[in-house]
Amino acid sequence: MRIVFAGTPDTALPSLRRLIDSPRHEVVAVLTRPDAASGRRGHLQPSPVARFALDHDIPVLRPDKPNSAEFVAELAELAPECCPVVAYGALLRDGLLALPRHGWVNLHFSLLPAWRGAGPVQAAIAAGDEVTGATTFRIEPELDSGPVYGVLTETIRPDDTAGELLGRLAVSGAELLAATLDGIADGALNAVPQSREGVSYAPKISVDDARVRWELPAAVIERRIRAVTPAPGAWTVIGDLRVKLGPVAIADSADDGPKDLSPGVIQIDRRSVRVGTGSVPVRLGQVQPPGKKPMNAADWARGARLDSTVRAS
């Protein structure tokens, strides 16, 4: 089939690479978000999908308003039969949705109808789900509600960060997306409506959402930190410094540190830094002060010379 691939971040690259290599489909163009400011100087940089497509001599479409009549007409000239989508980053309206004969087929990183929205992997980890997966479905105007073509499952490991889990799903999901397009091209695959039960939503995680709430139980804090690692990154304020935090470990019965620290209270020894929560303390892993690289929490605490009364908040 003639396809126009829509995607923006690194997560979309395994699928784009898989479809470029497929002998059954022709990627005639990619649709991606406009170049965005990056780095301290704010220079405009193309998206990972745009860079990959340009390296493979594939035309790149970067409309500011993808649902405008002008862009709909531009896409129509390419005559795509199907438009696969992986983390494109913009809502698609009726004019675009009606264009390809086989519609727009989205690869979404959850087991729909669970965790519809922009942050499904983060939501699954934060909620303590043991299993997640990926789903291919036909896009409809309502958010992530379209009929399903195929699914795969993936176990969430106890120490998974969102980045690690998403990396695995991006690779396995690429195979699912390719198989879905093959089945559509053969006329052998029919989409099945999603269940009306078990619907949940996973909005995009903001920087404010990633702030650690130390009054919560340790298990909740530990999952939430992994859920926002590496982006946008968990953070807290210690003294007058805003620091980013890597994954933490929950104190257990074998831990020789204090068991009853109040939320936000910091206890430092030569080997570790513990912070009190709404239940048991957690041991900090990596800490990243402003303008510096991540470092071991104990090493950071020695250099920072924290006052004994300082708290995390």
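## Basis of the description

Two strands are taken to pair if DSSP finds at least two bridges between them. The model described here is predicted.

## The hairpin of β10 and β11

Strands β10 and β11 form a hairpin, with two residues lying between them. Gly-239, in the turn, has a positive phi of about 65°. The two strands, β10 at residues 234–238 and β11 at residues 241–245, run antiparallel and are joined by five bridges. Ala-234 has Leu-245 of β11 as its bridge partner.

Strand β11 also pairs with β16 (residues 286–288), in the antiparallel sense and over two bridges. Here Leu-245 stands opposite Val-287 of β16.

## The seven-stranded sheet

Seven strands make up an open sheet with mixed pairing, in the order β5-β2-β1-β6-β7-β8-β9. Its edge strands, β5 (60–61) and β9 (148–155), each pair on one side only.

Within this sheet, β7 (residues 104–108) and β8 (residues 131–138) pair in the antiparallel sense over four bridges. Val-105 stands opposite Arg-138 in β8.

Which residues of helix α1 (residues 13–21) are buried? They are Leu-13, Pro-14, Ser-15, Leu-16 and Leu-19.

The elements that cover these buried residues include the strands β1 (2–7), β2 (26–31), β6 (83–86) and β7. The helices α2 (48–55) and α6 (162–186) are also among the covering elements.

Note on methods: Residues are numbered from 1 along each chain as its sequence is written. This is a predicted model: local features need pLDDT of at least 70, side-chain atom pairs count only at pLDDT 80 or more; totals for chains, interfaces and linings use all residues. Side-chain values use heavy atoms; hydrogens and water are left out. Buried means under 20% relative accessible area, exposed over 50%, partly exposed in between (1.4 Å probe, protein chains only). Contact means heavy atoms within 4.5 Å.
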